[in-house]
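Thank you all for coming; I would like to walk you slowly through one structure this morning.

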Amino acid sequence: MEVNEQLIQAIAKAVVEQLQRNGGKSPAGMSSANAGTQSLAGKTRMRPKHSYEGAVRAKQGTDPKEVVIGVGAAFQTEITKTIGGIPLDEVLRNVKAGIEEEGMVSRVVKVLDTSDVGFMALAAAKLSGSGIGIGIQSKGTTVIHQKDLYPLTNLELFPQAPLMDLTTYRKIGRNAAKYVKGEKVTPIECTNDPMVRAKFQVKAALMHIIETEQLDSEKGMIVWEGAR
Amino acid sequence: MKRSKRIEALDQRAVNKDGFIDEWPEMGFAAMKSPYDPKPSIIVENGIITQLDGKKREDFDFIDQFIADYSIRIDRAEESMAIPSLEIARKIVDIHTSRKEILEIVSGITPAKMVEVINYLNVVEMMMGMQKMRARKVPGNQAHITNLKDDPVQIAADAAEGALRGFSEEETTMGVARYAPFSAMALLIGSQVGRPGVLTQCSAEEATELELGIRGLTTYAETLSVYGTEKVFIDGDDTPYSKAFLNSAYASRGLKVRFTSGAGSEVLMGSSEKKSMLYLECRCLFVTKGAGSQGIQNGSVSCIGVAAGVPAGIREVMGENLVAALLGLECASSNDQSFSNSDMRRTARTMLQFMPGTDFIFSGYAAEPNYDNMFAGSNFDAEDFDDYNVMQRDMQVDGGLRPVTEEDVIHVRREAGKAVQAVFKYLGLTEVTDEQVEAVTYAHGSKDTLKRDVASDLMAADDMLKRGITGIDVVKALAESGFEKLAGNILNMLKQRVIGDYMHTAAILDENFQVMSGVNTPNDYMGPGTGYRVDGKRWEEIKAIPHRINVNEF
């Protein structure tokens, strides 16, 4: 059995190599796209490492009106749109606008310690003068957190990034600001697409790899005012 | 290029909306094996494992060390490792080799050896293996009970209907995490309306989940996640040791508990260490075994989109279910997460567990329409109930469900809604109106129900935790509101924690609260004429699907 499997693999490999040498033309008229899949072997990164040389470490906040927004390591650098295709510049603009509409102040940091959105949001909350923070991954997944909560709990979680729109991002800003003010907050209504995993999970994995490979724990959290 | 109409038609098929990716072992996109997987080996010196799968003890990460110290029977290791992997694979399929003998052999092998064994099996052989290695004689099924509004009344009604339909366990979770106390309580109440003895859990942040369990608002726990690489463990603020402690915390209060793991989580977290999904999952399952857990929920679970995206991914999913059974663990075999737009593909995937039977074929069949499934969609949902019942009947297979009548469904849904209404009133929580109970009784999903005051609900839920409300308070509330039989059922569920028998491997309870587990009702399959067969009363029940032609009135 083992011999047969090895033999088949060897033949398949030889055929693929032949096809690649032929530039996709094969005697049977089979296109190379169908012939086998070794093209990714040996590849170890998605994107080159970004330099944060000279970046300024974000300071502990003291302003009780502040909401800190912690964005992902690839935010506005390697990744410019969410998994649903919304430009990250617009995402950030709307979250900030939401915070300001409620009379609070926003501050953006880039989180280079972790790409886990729960921990990103908690880190932002701990840095925030009010104790309220928002974590936004580059693929768009967002959490509102508070500094005293357990890492894997939260005030509000928006796990299905492909369903997000700019109105929701604005509401997230507003609700975060309302938590700062200690108001009775009605959480933003949940949305659910039961087919989201089928359509997006592989893409989500690739985007998360791009984000994670940009981590630089030496730098920690840095001041972030948009693309640099 | 001028388009072929045939190819255009094919491009429009649902399956082509699914995500597929080539194998890329460097990033962990490899299902069954990776060129970077270690080769099996073991060295035992003075009763200690000093080398595991090619790695010396001083180079162990904490997962290796945990496995070496707690997961492998050292007295068996050298003998088991000497048996060729092909021979172990053949014994798994051989009807003349008993489950017990295989458990004995497997108790001494390493994770890399397990990977080698599984790679020798095709999917049919894996199914034959599962038919024999499943812990409990009778297969079972578990439901997800959730809704988009986190409406506790709907949770109770869906739980009652789900229990009536045959689920042995029911799991809830929330869109808004702070609803957890309401969700857990409503699920507990509803389940016992539908069928006494159904176990319930509330998937939440771990500390919250434990607290709900300790208070008796849930009767088991499942969401103790373990991972195959050290980095992902650390990212989750955990180690195998902390998970073992958490497991013991549940055990100390007499709660049934199982762990959770599955292919693709390390890939999604970007830390696969270039290993195959099967190898990493074997590490998870060995950790689960070593931590003393009776069981596991696995089969890629929430990362199924990744596993299903690579070649042989669905074979790997069945393979990892089988590994769980080979280690003697209860296996709740996933099928609980949507992964394909194609009805054909999603059904085919489930057949691998449905046909041989597992301890829980689904570790979350959506007992509500999928738009209400807050685990982001299950592989089967409430609209598939009749298809599923027909498949059981077609193949004479026990998938754990049964046909029901509309009258019974309406009856238990209303009863559950009224019980929750009474308990909320007695405990001074938010109001549940008659209109709301009525809407939920006849509802298919949350699109048919009334809106609740979310902000008030959340304040009341927080208050419920602060006031220290427990399962006993629920029993009292029901008993003093005229629901004495239901109060008795819930009291009986609480008693299980004192008795403790349902902590045995793969335990479920029948309608008389009697335990059926891998210990008192073990799987004794050894080929044709042995093991569990669908017959008698159960077969009559499965046959009675709705919409049969009534010959007398034809």
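This is a predicted model: local features need pLDDT of at least 70, side-chain atom pairs count only at pLDDT 80 or more; totals for chains, interfaces and linings use all residues.

Let me begin with a question: is Asp150(B) buried or exposed? Asp150(B) is buried, because 29 other C-beta atoms lie within 10 Å, and the rule is that a residue is buried if 20 or more other C-beta atoms lie within 10 Å of its own, exposed if 12 or fewer, and partly exposed in between, with C-beta atoms placed from the backbone.

Residues are numbered from 1 along each chain as its sequence is written, and chains are lettered from A and ligands numbered from 1 in the order in which they are written.

Asp150(B) sits in the loop between strand 4 (142–144) and helix 8 (152–164) of chain B, where helices (H or I, at least four residues) and strands (E, at least two) are DSSP runs, numbered from the N terminus. Leaving aside residues up to four places away in sequence, Asp150(B) touches Met174(B), Gly175(B), Val176(B), Tyr179(B) and Ser183(B), and contact here means that the C-beta atoms, placed from the backbone, lie within 7 Å.

Strand 5 (residues 169–172) of chain B is joined to strand 6 of chain B by four bridges, and Glu170(B) has Thr200(B) as its bridge partner in strand 6.

Asp237(B), with a phi of about 65°, lies in the loop between helix 11 (230–235) and helix 12 (240–252) of chain B, and counts as partly exposed because it has 14 C-beta neighbours inside 10 Å. Ser334(B), with a phi of about 60°, is in the loop between strand 10 (330–332) and helix 17 (343–354) of chain B, and counts as buried because it has 34 such neighbours inside 10 Å.

Finally, where the chains meet, 40 residues of chain B are in contact with 38 residues of chain A.

Key
Two strands pair if DSSP finds at least two bridges between them. Two residues are in contact if their C-beta atoms, placed from the backbone, lie within 7 Å.
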